[in-house]
Amino acid sequence: MTRGREPPAITVTSVEELVERVLKGEARAIGRAMRLVDDGAPDGYEALKALWPHTGKAWVLGVTGNPGAGKSTLCDGLVAAYRARGHRVGVVAVDPSSPYTGGAILGDRIRMQRHATDPGVFIRSLATRGHLGGLTRSARDVVRVLDAAGHDVVIVETVGVGQDELEITHTAHSTLVVMAPGMGDEVQAIKAGLLECADVFAVNKADREGADSAVRDLELMISLGNESIRALSKTRGHATHAVADGFVPALVPARSSATAGPLPERWTPSITKCVASRGEGIAELVVAIDRHRAWVEGTETGRARRRSRLAEQLRESLREALIAAAVHDLGAGIDDAVLAIEARAVDPYTATERLVAAFRAR
Ligand SMILES: Nc1nc2c(ncn2[C@@H]2O[C@H](COP(=O)(O)OP(=O)(O)OP(=O)(O)O)[C@@H](O)[C@H]2O)c(=O)[nH]1
Ligand SMILES: [Mg+2]
């Protein structure tokens, strides 16, 4: 992990002390806890256990979209807007380390530089390379540390290029997808998986030509509903999570229902035009995010969505733990099974059944 602010090393004698200092919001303790958590160190898990009762207060905003769409510039504007409200803000910038963007971390830092010395803002970069336990887990746990440390809003910026990055949007309560005109067919240019995870759209770089047509394309896509998204997803081989998440866009203009009136049973993504580099549209974007938060917190569908994310996370960690336990307990039995399968003495299906039975019998 690379560090947003370089905290001098701190000496803590115990996990309890570290946790206590994180809860007080001490930047150096937060940095230390994040490193432990990111490394998957046993102390990191102990800290997370103790921090858990203090989490659940932060609103986690995922910000994603194509490389260079203006995500970091928008994040910078959002941080300023939330700070103006008196909120403490955490930012987790995920560097894709991909050929798409060479210096994302550098770019993110520069873009959010003006907040670097604000004690109410904690910026942390996560590199995608070398994450044994998975980037999603790492991002989620780092967000939890920021949450427990008293940040009211935690923004997670990721480039929406890979499955990992898409998965990260599942750690967020609201997902903002940033698009920019001038990439040809904008809606086509963006991944179908990204389209369907959007709660709020920002059409950034509205100072450029093509912003209005990008908005129209999005509106059309939203009004056509899930079918078009699913069709698009299929052609691109993405799994769809939309239905389970209660994302079934209604046949109404996108912008009207999502920003005013009583909360709808089904969420319709809103679209906000922005010029992030001039701070334009940020206030409207904050309103749109507030509205989505009100929906998640105020409707049964919204609450069910939050719960299904928790269930998903629990299943995932259960899967990891069970596999580790099985591999540990069955040991040589697995190697023997591989040899037997190779010799065609047993088929892989029966071998699996036998191994499961052996594991259960222990
Ligand atoms: N014309 C125009 N340029 C913008 C706007 N917002 C951002 N930019 C510029 O677009 C470039 C990319 O902005 P970033 O905020 O770094 O974009 P990003 O999506 O975070 O990029 P990556 O993290 O590298 O994927 C920068 O040069 C910004 O100054 C805008 O509203 N209009
Ligand atoms: Mg960026």
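Visitor: In which hand does H1 pass H2, and how do I read that?

Guide: A crossing is called left-handed if the near helix is turned anticlockwise from the far one by less than a right angle, and right-handed if clockwise. In this predicted model, H1 passes H2 in a left-handed crossing. The helices here are DSSP runs of H or I with at least four residues, strands are runs of E with at least two, and both are numbered from the N terminus.

Visitor: What is the angle between H1 and H2, and how far apart are their axes?

Guide: Two packed helices are described by the angle between their axes and the distance between the axes. Axes are lines fitted to C-alpha atoms, for helices over the stretch in contact, and angles run from 0 to 180 degrees between N-to-C directions. Helix H1 (residues 15-23) packs with H2 at about 125°, and the axes are 8 Å apart. That makes H1 oblique to H2; angles under 35 degrees count as roughly parallel, over 145 as roughly antiparallel, 65 to 115 as roughly perpendicular and the rest as oblique.

Visitor: Which residues of H1 and H2 meet?

Guide: Two residues are in contact if their C-beta atoms, placed from the backbone, lie within 7 Å. From H1 come Leu18, Arg21 and Val22, which meet Ala29, Ile30, Arg32 and Ala33 of H2. By class, this contact of H1 with H2 has five nonpolar, no polar and two charged residues. Here Ala, Val, Leu, Ile, Met, Phe, Trp, Tyr, Cys and Pro count as nonpolar, Asp, Glu, Lys and Arg as charged, and the others, Gly among them, as polar.

Visitor: How should I describe H15 and H16?

Guide: Use the angle and the distance once more. Helix H15 (residues 332-342) and helix H16 (residues 348-361) pack at about 165°, with 10 Å between their axes, so the two are roughly antiparallel. Their crossing is right-handed. On the H15 side are Gly333, Ile334, Ala337, Ala340 and Ile341, and they meet Pro348, Ala351, Leu355 and Ala358 of H16. The contact of H15 with H16 divides into eight nonpolar, one polar and no charged residues.

Visitor: And at what angle do H13 and H14 cross?

Guide: The axes of helix H13 (residues 282-298) and helix H14 (residues 300-330) cross at roughly 85° and come within 5 Å, so H13 and H14 are roughly perpendicular. Trp295, Val296, Glu297 and Gly298 in H13 meet Gly302, Arg305 and Arg306 in H14. This contact of H13 with H14 has two nonpolar, two polar and three charged residues.

Visitor: Which residues have the most contacts inside the largest nonpolar core?

Guide: In soluble globular proteins, nonpolar side chains tend to be buried together. A nonpolar core is a set of buried Ala, Val, Leu, Ile, Met, Phe, Trp, Tyr and Cys residues joined through C-beta atoms within 7 Å. The largest one has 73 residues, and those with the most contacts inside it are Val22, Ala33, Val92, Val145, Ile155, Val156 and Val203. H6 gives the most to this core, with seven residues. Leaving aside neighbours within four places in sequence, Val203 is in contact with Met179, Ala211, Ala214, Val215, Ile271, Lys273 and Cys274.

Visitor: Is Ser138 buried or exposed?

Guide: A residue is buried if 20 or more other C-beta atoms lie within 10 Å of its own, exposed if 12 or fewer, and partly exposed in between, with C-beta atoms placed from the backbone. Ser138, in helix H6 (residues 135-148), is buried because 24 other C-beta atoms lie within 10 Å. Ala27, in helix H2 (residues 27-38), is partly exposed, with 16 such atoms within 10 Å. Across the chain, buried residues make up 42% of the 362 residues.

Visitor: Which phi does Lys205 have?

Guide: Lys205 has a positive phi of about 60° although it is not a glycine. Lys205 sits in the loop between strand E6 (200-203) and helix H10 (211-224) and is buried, with 25 other C-beta atoms within 10 Å. Arg344, also not a glycine, has a positive phi of about 60°. Arg344 is in the loop between H15 and H16 and is exposed, with 7 other C-beta atoms within 10 Å.

Visitor: How are residues and chains labelled, and which residues count?

Guide: Residues are numbered from 1 along each chain as its sequence is written, while chains are lettered from A and ligands numbered from 1 in the order in which they are written. As this is a predicted model, local features need pLDDT of at least 70 and side-chain atom pairs count only at pLDDT 80 or more, whereas totals for chains, interfaces and linings use all residues.
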